[in-house]
Amino acid sequence: MRIVGIEGTAWAASAALYDAETDDVVIESDPYEPDSGGIHPREAAEHMGAAIPEVVSTILDHAAATASEYGDGLDIDAVAFSRGPGLGPCLRIVGTAARALAQTLSVPLVGVNHMVAHLEIGRHRSGFESPVCLNASGANAHLLGYHDGRYRILGETMDTGVGNAIDKFTRHLDWSHPGGPKVEKRAKEGKYHDLPYVVKGMDFSFSGIMSAAKDAVDDGVPVEDVCAGLQETIFAMLTEVAERALSLTGTDELVLGGGVGQNERLREMLASMCEQRGAEFYAPEPRFLRDNAGMIAVLGAKMFRAGDTIEVSESSVDPNFRPDEVAVTWRGSDES
Ligand code: ATP
């Protein structure tokens with residue numbers, strides 16, 4: 001079975017071909033990089049409009065070159081796309097491209113929740129059965145656990161996503177987007193600077209920490225020290241709540257998803273916490289952590305196999321699509 005995935009919820013215009021028999025995933029991505037400031041929804045949508053046809057075309061060329069010699073056409077069984085959450089103008093372009101491609105190829109359409117895809121790619125590649133997932137991405141931060149046919153949100157940010165919070169801090173410093181890798185680099189040169197630590201029950205908040213970090217820089221604290229304090233504080237918060245989610249669910253498997261998961265210090269803290277409690281930890285390789293169509297194609301294949309496809313007339317996108325709205329149809333004995 002071969003599935004095309006299309007992703008474009010915010011900054012990454014991406015298409016992928018997933019071959020479920022070989023487990024090979026080929027991804028073609030074209031990132032939107034703002035000239036200044038953060039992600040501007042209109043500019044991001046303009047980028048999607050130009051880049052999605054290009055990345056899809058490259059993946060279709062690859063599909064043609066690798067199609068089974070016994071089949072006909074491109075040897076594609078379904079088209080999966082990100083239905084949300086994400087920026088509405090970007091999602092609409094992705095949805096239109098996916099519908100057009102599915103209809104042109106006369107194959108079913110699969111509508112994927114982007115955050116569930118961040119989780120499922122980790123579950124798929126780790127081989128874990130029922131992990132808790134920490135999604136640490138740009139626009140989101142939450143802990144997911146499976147119960148009774150759905151991924152339940154065990155804890156989440158009460159304000160901004162974790163990556164967006166870091167990016168807001170770096171915008172204050174006039175650093176270019178994305179800020180996360182730059183904070184990671186500078187933090188290595190700094191000493192810990194104390195910042196507020198905000199965990200309430202299973203939820204957490206980043207906005208007060210970011211204001212305190214901006215104030216500290218304005219007050220003359222060395223920027224490396226603020227970066228070090230920022231990373232230690234927000235990643236300790238995420239690690240604390242991840243540990244509590246493991247404890248509450250009785251699960252001993254943790255997977256990491258989302259672009260902030262590329263951060264070495266976050267992975268180190270989570271791995272150390274898991275080791276101390278005898279749990280297993282898995283973080284996918286970076287190409288599957290940041291936004292990418294590979295994870296959409298892989299979850300799309302599981303959903304397609306479970307018969308979880310949608311009609312074009314019902315395939316509208318949803319910028320606020322929460323993971324717990326998704327009925328999980330694909331988990332079971334015939335899952336690959
Ligand atoms: P979502 O999946 O919620 O829609 P998103 O579309 O913003 O999020 P992701 O690719 O998951 O995209 O994450 C992008 C974020 O990851 C950006 O905020 C960026 O600063 C952050 N990021 C990237 N690399 C690192 C790093 N090494 N350390 C910390 N943050 C990082």
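Reply:
**The ligand shell**

Helix H3 (114-126), helix H4 (162-172) and helix H5 (180-187) each contribute at least two residues to the shell around the ligand, where helices are DSSP runs of H or I with at least four residues, numbered from the N terminus. The model is a predicted one, in which local features need pLDDT of at least 70 and side-chain atom pairs count only at pLDDT 80 or more, while totals for chains, interfaces and linings use all residues. Residues are numbered from 1 along each chain as its sequence is written, and side-chain values use heavy atoms, with hydrogens and water left out.

Among the 24 residues around the ligand, those that come nearest are His114, Ser137, Asp167, Glu184 and Asp291, a residue being near if one of its heavy atoms lies within 4 Å. The shell divides into seven nonpolar, 13 polar and four charged residues, with Ala, Val, Leu, Ile, Met, Phe, Trp, Tyr, Cys and Pro taken as nonpolar, Asp, Glu, Lys and Arg as charged, and the others, Gly among them, as polar.

As for individual atom pairs, a polar side-chain atom of His114 lies 2.7 Å from an oxygen atom of the ligand, whereas polar backbone atoms are involved at Gly138, 3.1 Å from a ligand oxygen atom, and at Gly180, also 3.1 Å from a ligand oxygen atom. The ligand taken alone exposes 650 Å², of which the protein buries 93%, the accessible areas coming from the Shrake-Rupley method with a 1.4 Å probe.

Key
A polar contact is a pair of N or O atoms within 3.5 Å; within protein, one must be able to donate a hydrogen and the other to accept it, and residues adjacent in sequence count only if both atoms are side-chain atoms.
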